Amino acid sequence: MIQVRGLTKQYGAVRAVDDLTFDVQPGKVTGFLGPNGAGKSTTMRMVLGLDRPTAGSALVAGRPFATLAEPLRTAGALLDAGAVHPGRSGRDHLRVAARTHGIPLRRVDDVVDQVGLGPAARRRVRGYSLGMRQRLGIATALLGDPAVLLFDEPMNGLDLDGVRWIRRLVRGLADEGRTVLLSSHLMSEMEQTADHLVIIGRGRLIADASMQEVMRGEGAQRQVRVRTPSPEPLVGALRRRRLQVHPTEDGDLLVEGTTAETVGDVALEAGVAVHRLAEEHSSLEQVYLDLTGDSVQYRVAVAPEPAGLVQR
Ligand SMILES: Nc1ncnc2c1ncn2[C@@H]1O[C@H](COP(=O)(O)OP(=O)(O)OP(=O)(O)O)[C@@H](O)[C@H]1O
């Protein structure tokens, strides 16, 4: 378990992390989300004792990380996959880490197999792709068989198979009862992987809730997709009920904030045939953008506005 209490980090004029309080529970994958510069990496570094908090505390297995007798056996982390001696082979890197931390050398082969590094483990890290570096970083995190794992953007640089592999890996680690904190920019992946979400913006907590709660809560929208051969009378009938209707590119209608039942009843009253009727929920991406909208400092403009940075 990870316990974060009033955690704050000030870098000069920048308050990177601002009074954060949350727990990361065992047996679950907790997704850690926030716009660029929100303070996710700084929080993870403080949890791992790599950065000193300005105020507050972060405990791993009940203690500050720096005071743990066997840190790698308690918590493993992938923070910066580039932070490996380039002249060593992956296997040697793992052997050095194992020796330094009193971990039996047989664990090296175990984790090389677990992350699928295979024969590449004997090659120098200098020649590794970003994906292979990620796998090596994850192997290092798993070396001490720790109960707590922190992964900062582990899917970076991985192809689709690699992303699927990470999804299965973190699921398996959580199912074994481990505590897993995972940051990622890939919302669709997060939606499929995380059980719980901690969302921050400008260093502050925005949401700390289960995936279901986030998807049902503020910012989440229910909409109904309807396909009809006579859209015009149906749009008229729905608008008379003060329902918001938008045509989609593929010729369907999207009706906001209502149920399939209501749309079906309105269609029947209007004497309009319906060929398809389905309730859809917002994606995590939509909910996330809604929740973090105010905390994004800069957002790239979307067409038709000119490309560039737009201050919100
Ligand atoms: N060592 C440092 N010195 C000064 N400012 C820093 C330092 N590290 C981070 N910051 C600032 O703190 C804020 C939070 O950065 P952090 O890297 O924790 O965000 P993040 O959520 O991990 O972002 P990203 O998703 O882009 O990695 C940013 O404004 C960043 O510029």
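Which residues have the most contacts inside the largest nonpolar core? They are Val 47, Ala 139 and Leu 143, in a core of 67 residues.

## Model and numbering

This is a predicted model: local features need pLDDT of at least 70, side-chain atom pairs count only at pLDDT 80 or more, and totals for chains, interfaces and linings use all residues. Residues are numbered from 1 along each chain as its sequence is written.

## Domains

The protein splits into domain 1 (2-208) and domain 2 (222-281). These bounds come from an automatic or database domain assignment. The C-alpha centres of domain 1 and domain 2 lie 45 Å apart.

## Nonpolar cores

A nonpolar core is a set of buried Ala, Val, Leu, Ile, Met, Phe, Trp, Tyr and Cys residues joined through C-beta atoms within 7 Å. Buried means 20 or more other C-beta atoms within 10 Å of the residue's own; exposed means 12 or fewer, and partly exposed lies in between, with C-beta atoms placed from the backbone. The largest core has 67 residues. Helix 5 (residues 130-142) gives this core its largest share, six residues. Helices (H or I, at least four residues) and strands (E, at least two) are DSSP runs, numbered from the N terminus.

Val 47 touches Ile 2, Val 4, Ala 58, Val 60, Phe 65 and Leu 150, not counting residues up to four places away in sequence. Contact here means C-beta atoms, placed from the backbone, within 7 Å. A second, separate core of 11 residues includes Val 224, Leu 238, Val 245 and Val 272.

## Val 29

Val 29 sits in strand 3 (residues 28-33). It counts as buried because it has 25 C-beta neighbours inside 10 Å. Leaving aside neighbours within four places in sequence, its contacts include Val 170, Arg 171, Leu 182 and Asp 195. The C-alpha atoms of Val 29 and Ser 184 are separated by 12 Å, though the two residues are 155 residues apart along the chain.

## Helix 10

Val 263, Val 266 and Ala 267 are buried in helix 10 (residues 260-270). They cover an arc of only 100° around the axis, so they lie on the same side of helix 10. The arc is that of the directions from the helix axis to the C-beta atoms. On the other side, Glu 261, Asp 265, Leu 268 and Glu 269 are exposed.

Cover for the buried residues of helix 10 includes strand 10 (222-227), helix 9 (231-240), strand 12 (253-256) and strand 13 (276-281). Just after helix 10, Gly 271 takes a positive phi of about 70°.

Technical notes. Contact = placed C-beta atoms within 7 Å.
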